[in-house]
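Dear colleague,

Please find the structure below for your review. My notes on a strand region and on the ligand site follow it.

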Amino acid sequence: MEMKSVLVLGGGFAGLEAAIFLRKKGFKVTMISNRDYFYIYPTSIWIPTGEAEFEDICVPLKELSDVHGFELIVDEVKEIYSKERRVVCANGEYGCEYLVIAIGSGKMKHEGSEHFLSICGEPKEAIKIKERIDELIKKGGGKIAMGFGGNPKDPSNVRGGPAFEVLFNVHNHLKKLGIRDKFELTFFAPMEKPGARLGEQALKMMDIFFKRLDIKRHFGKKIKRFESDGIIFEDDSKLESDFTMFIPAGNGHPVFKNSDLPLNEAGLIKINDYCEVIHDYDESPEFYNVFAIGDSVALDGPDWRAKQGHVAEVMARNVAFNIDAISKGSEERKGYMSHINILCVMDSGDGAAFVYRNDKGGKMIPMPVVGHWIKKAWGWYCRNSKLEKIPRIPGL
Ligand SMILES: Cc1cc2nc3c(=O)[nH]c(=O)nc-3n(C[C@H](O)[C@H](O)[C@H](O)COP(=O)(O)OP(=O)(O)OC[C@H]3O[C@@H](n4cnc5c(N)ncnc54)[C@H](O)[C@@H]3O)c2cc1C
């Protein structure tokens, strides 16, 4: 029997996991990615302090395509015609029987964005962050501000964790160098209580951390614009900064505007529990065989929901299962909504905190020293299990 074809757009957590599991089900899989490597974002937080090299965070997609037997096309997706399952790229046009969209998200625009760098942006920005911090170290001191922004139209796209992690790591790096007292570190965010979705106990713990590490807080004021030497807020007050690291909240990927995809107010793709794209003009998504997963989608669920790599991977495995079921004429489906939780090991360079949030509330458990090594071990596991050098732990 001829293998059915699936086109997977994107080679991040969502796209790669979908390609791997669709191959396990015997589909002919083609992946289109504009980068030729899979980037392990969670462990990129160590690049700015030199604890990891850029190459340590990248896994070549060619190597992954050889191991799993999917075809890899490195190209830029420009337009998506989901009704026809047709995709226009910079160097060609592609069609398929099943389409899986996993090209991540776009970023909220901010005035003066040339004056900050983001750890969640283009991967190579992490190297520039390191250069800017190193320059200040060479100079002998300075003011560093790190923070994140909101998206009022879709709060599930706010990403604050890595800003805490990079700042705590920078603190520890400077302390090790014996020059922490020469620096002023500030954490800023427009919300009154950044991190509130992790629960009250987590907020209290973060407060303790900030005080103990002598990190200043600047919360509750909307950001007006970024300048070369600081951040201007809604009341025209200024936070001075020699270097600013800022994570804009996510919104719809710009490519989605060049498509017939159904989008929410923030420009993200509307899907059902099975990750089938729900077109505005049609109540029968099963007719189109178009799926969207990971940071590209409008996530449904409780107020505190957040987009994370592990949710992206659950969606991807579900989609592989659902496509297989559809192709066999089975009614069985797997949904993502029951898997919504927040789960991460928030690193500080000398330890970490285990953060967990579900319907019942949030928990933040300190894990001095060992937490740091758990996150390191996870990074190693992520790379080697995807390359099939070691067996997978189910669900991880
Ligand atoms: C610094 C950082 C730390 C994080 N830490 C954690 C953590 O500890 N735990 C956790 O669960 N989550 C964490 N996350 C979140 C997690 O990384 C994301 O949820 C996850 O990356 C989403 O996967 P994705 O595949 O949807 O998108 P992405 O990983 O963004 O992948 C998108 C893919 O699409 C490709 N692409 C984009 N545009 C195009 C185009 N036009 N044409 C072709 N290809 C394109 C990209 O090259 C990439 O391959 C972190 C994120 C960051 C940035």
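Strand 6 (residues 77–81) pairs with strand 7 (residues 86–89) in the antiparallel sense, over 4 bridges. Strands here are DSSP runs of E of at least two residues, and helices are runs of H or I of at least four, numbered from the N terminus; two strands pair if DSSP finds at least two bridges between them. This is a predicted model, in which local features need pLDDT of at least 70 and side-chain atom pairs count only at pLDDT 80 or more, while totals for chains, interfaces and linings use all residues. Residues are numbered from 1 along each chain as its sequence is written, and side-chain values use heavy atoms, with hydrogens and water left out.

Val 77 stands opposite Cys 89 in strand 7. The hairpin of strands 6 and 7 has 4 residues between the strands, and Arg 85 takes a positive phi near 50 degrees there. Strand 7 is also joined to strand 8 (residues 92–95), antiparallel, by 4 bridges; this hairpin has 2 residues between its strands, and Val 88 stands opposite Glu 93 in strand 8.

**Ligand site**

Val 77 is also among the residues that come nearest to the ligand, with Ala 14, Asn 34, Cys 120 and Asp 295, out of 31 around it (a heavy atom within 4 Å). Helix 1 (13–24) and helix 7 (309–328) each supply at least two residues of this shell.

An N or O atom in the side chain of Asn 34 lies 2.5 Å from an oxygen atom of the ligand. For a backbone N or O atom of Gly 11, the distance to a ligand oxygen atom is 3.0 Å.

Kind regards

Methods:
A polar contact is a pair of N or O atoms within 3.5 Å; within protein, one must be able to donate a hydrogen and the other to accept it, and residues adjacent in sequence count only if both atoms are side-chain atoms.
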